[in-house]
Structure formats: structure tokens, C-alpha cells
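This report concerns the pockets, the surface and the salt bridges of one protein model. Please view the sequence and the structure before reading on.

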Amino acid sequence: MDSLVSHRPFRTPGPHTQQASIESWHARFSDPTGQKALWLKFQVIVSQNGFTRLGEVSAIYFHRQPHQETQISAFRQIFDIRNYRAQETPEGISILIGGCEFSSRHTRGAIATQGKTFRWDFQIHNSEPSGQFNLIATRHPLSKLGWIEQRAVSPGENLNFVGKTWISTHQMSEQSTEWSHASGMQGHWAGAHLPYSWIWSHCNHFINSSGADTPFVFEGLNGRGRGFFGPTFYPRFRSFYFLYRGEEYAFNSMWDTFRSRSTNTLTEWNFQADRGALSFRGQVKADLKDFAGQSFEDTDGQTIYSSNAQLGQMTLWIYRAGKLEETLRSQGGVAFEIALRKPNPYVPILI
């Protein structure tokens, strides 16, 4: 994995720049049992009016025990933008915000908020086969028209996280959790503002119809850009990535958007992407109680509401020349995020 591609800032401004910009680096992973998962995000934002100039670090920890509802703990700490820097290291670029660190090889830090503290320390390794993917093609026609003003790349599609987390509160002494062979990914977004809305999912831990672990990677994005004629006419874009039997299948062009299919509700996403004789047909879903609600500000001052689940489910059917070739499933190893300009009334906002 090329860490310079992974984490070198696309457009993050310095502490005195007035240009509106938002940039984030994120990681997600879940343990092999599908009982726990972690979402980490480092973000820097400068608003159009210049009043907001912040860096923030957030984490959401998901823990599901047998016959119990998923326990979700969310943490966010906000810093002045002067607490952000991108640092050259022997491993490449490290992103630092308020003492928290994010790179292609490790991430560590501590978040203290509302009487509770979350700490983490992880080493990150490539799994085989590995891959990376530009969710928005560099020369996408909608980018040239100015309707998609973001860059989005997943430099590590198939990663393994090993480390430890700690949680403490005023009422509870510090409790630690070991993580070994947790499957996940890293991603990097940047732009003058965020898309109007999006649905996103990732998974790299599947079993086949016989119940055996199968090396397969999926990432998908279905979004709406920011055109000039209001939300009704904002253009849609879709991208999909599949790593199947050691070969990468990338769908991120305008043609792929027209040809692929996508429907969704607040808890389910169905899609289809075809390439030659191959057809990838998938269903991602999560229960409402397994989502964590987040709200965050775009550079124009608007609020985006994200419903984020990291212990979701997925079934993927792979057809070749119209004949079913493989059925893959993941139970509890799927990231599933739905971001809208209005809150989901069924998902409480945690941060």
C-alpha cells in the first residue's frame, strides 16, 4: 500500500487559509465473530464564512453480545485547526489532530468528552489479496461540470487491524478490549463541501455457501452531487468495487452509474453491477437499533445526519453468463452508512 496516496492531504488548508474545505480520513473494522466493530474518523473543516476552522476526531464502538441488543458508545472531540498537521515519517504521511494519529500502518489516540474517555492503539497490516479504489474517478464528467467536487479514495480495501481499546467513565473504571485479526479498510475524502447525500458500505469478511471463509472484498457508494438547480435535480453517481478470485472489478465511471442499479430504504440497500459475463447482485441491511446517529456540519453551514452501522449483514450473488456461480454472506462484518440532509427519526443522534 502506498501511504503517500493513502494519507497525503488532497486540499486541507493551512491555519490561515480562507478557502472552504472539508477533508477526512477514516478507518473501520470488525472482529471475525461479528460481535464488535469500530469506526474512526479524523476530519478538518474550514467553512465558507471562515467562522468554523476545526479539526475533530470521532470514534464509535459497537458491541453485540448473544441474545442482547447492540451496545453503542460514541465519542467526539473538537480541536482548533492549529492542532492539525500532516507529518512526514519513515512510513509515509501521518495525520495528527490533538495528539491522535492516523497513518497507513498504525492509528492511536485518546478522546475525552462528556465525562468519558476512549483510547485506542492499533497496528495495521495488508491482507492478501489487497487493493485500492478511487470511488470517484479522477476524470469523471460530473467532476468536470463541477457537480461532484470531492475526491474519494480507499487506499486500503483489505486490511487487518491488531490492537487494543480502552473505555472509562466517571462511574466505571477503565475497561480494555483486545482486537486480533479484525477485518477492515481505510478511506480518504476531500472537497469544497460534501455531497448532498450518500449511501456507503464496505465488507472484507465473507463466507461461502459451505460456511468457509472466502477472500472477497466489496465497497459501494451511491451518492448525489451538488448541482445548480436544487436537490431535485442533483445528479446521482454510483461506484462499486469487488475483489473476486484475486481480480479487481472497479465500477466508477459515468457509464457505470447509468448501467448499475440501486434501490434503498432506511435499513436496506439492494444493488447490481455487471461487467461482461459477470453480474454482482447484493443486499446490505441492518436493523434500526444497530445504527448510530451522527450530525456534522458541511462547509456551507448545513447539517448532515449520518446513520452508521458497523455490524451489518450482506448477501452477495455472483452470476456468470446468467448462471449463479457463488453466493457469499457476511453476518455482522458489514459497514453501512446512510447520510441525509434530515435526521432519521428512528435513529438517536449520539454525537
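The model is predicted: local features need pLDDT of at least 70, side-chain atom pairs count only at pLDDT 80 or more, and totals for chains, interfaces and linings use all residues. Residues are numbered from 1 along each chain as its sequence is written, and side-chain values use heavy atoms, with hydrogens and water left out.

## Pockets

A pocket is an open set of points on a 1 Å grid over the protein atoms alone, where a 1.4 Å probe fits and protein lies on both sides within 12 Å along at least five of seven lines; lining residues have an atom within 4 Å of a point. A volume is the space filled by probe spheres set on the points, which are joined across faces, edges and corners.

The largest pocket holds about 310 Å³ of space. Its lining comprises 17 residues, of which Ser197, Arg224, Arg236, Asn264 and Leu340 are the closest to the centre. At least two lining residues come from each of strands S13 (197-203), S16 (216-224), S17 (236-244), S19 (261-264) and S24 (323-340). Strands are DSSP runs (E, at least two residues), numbered from the N terminus. By class, this lining has 6 nonpolar, 6 polar and 5 charged residues; Ala, Val, Leu, Ile, Met, Phe, Trp, Tyr, Cys and Pro count as nonpolar, Asp, Glu, Lys and Arg as charged, and the others, Gly among them, as polar.

The second largest pocket has a volume of about 220 Å³. Closest to its centre, among 17 lining residues, are Ser127, Asn158, Ser183, Asn204 and Pro215. Strands S11 (150-169), S12 (175-191), S15 (213-214) and S16 each give at least two residues to this lining, and the largest share, 3 residues, is from S11. The classes here are 7 nonpolar, 8 polar and 2 charged residues.

## Nonpolar patch

Leu266, Leu288 and Tyr346 make a nonpolar surface patch of about 270 Å². Such a patch joins nonpolar side chains (Val, Leu, Ile, Met, Phe, Trp, Tyr) within 5 Å, from residues with over 30% relative accessible area and no salt bridge. Accessible areas come from the Shrake-Rupley method with a 1.4 Å probe, and for residues only the protein chains shown count as cover. Leu288 is placed in the loop between strand S21 (278-285) and strand S22 (292-297).

## Salt bridges

The structure holds 14 salt bridges, each a side-chain nitrogen of Lys or Arg within 4 Å of a carboxyl oxygen of Asp or Glu. Three of them are listed here.

| Pair | N to O distance |
|---|---|
| Glu174 and Arg119 | 3.0 Å |
| Glu178 and Lys164 | 3.6 Å |
| Lys289 and Asp290 | 3.8 Å |

Glu174 lies in the loop between S11 and S12, and Arg119 in strand S9 (residues 116-126), so this pair ties together parts that are 55 residues apart in sequence. Both are partly exposed (buried means under 20% relative accessible area, exposed over 50%, partly exposed in between, with a 1.4 Å probe and protein chains only), at 40% for Glu174 and 29% for Arg119.

Glu178, in strand S12, pairs with Lys164, in strand S11, so the pair ties together parts 14 residues apart in sequence. Glu178 is exposed at 54%, whereas Lys164 is partly exposed at 24%.

Lys289 is partly exposed at 43%, but Asp290 is buried at 6%. Lys289 and Asp290 also belong to a network of salt bridges that links them with Arg64 and Asp287.

Technical notes. Helices (H or I, at least four residues) and strands (E, at least two) are DSSP runs, numbered from the N terminus. Patches are made of residues with over 30% relative accessible area and no salt bridge: like charges are joined within 9 Å, nonpolar side chains (Val, Leu, Ile, Met, Phe, Trp, Tyr) within 5 Å.
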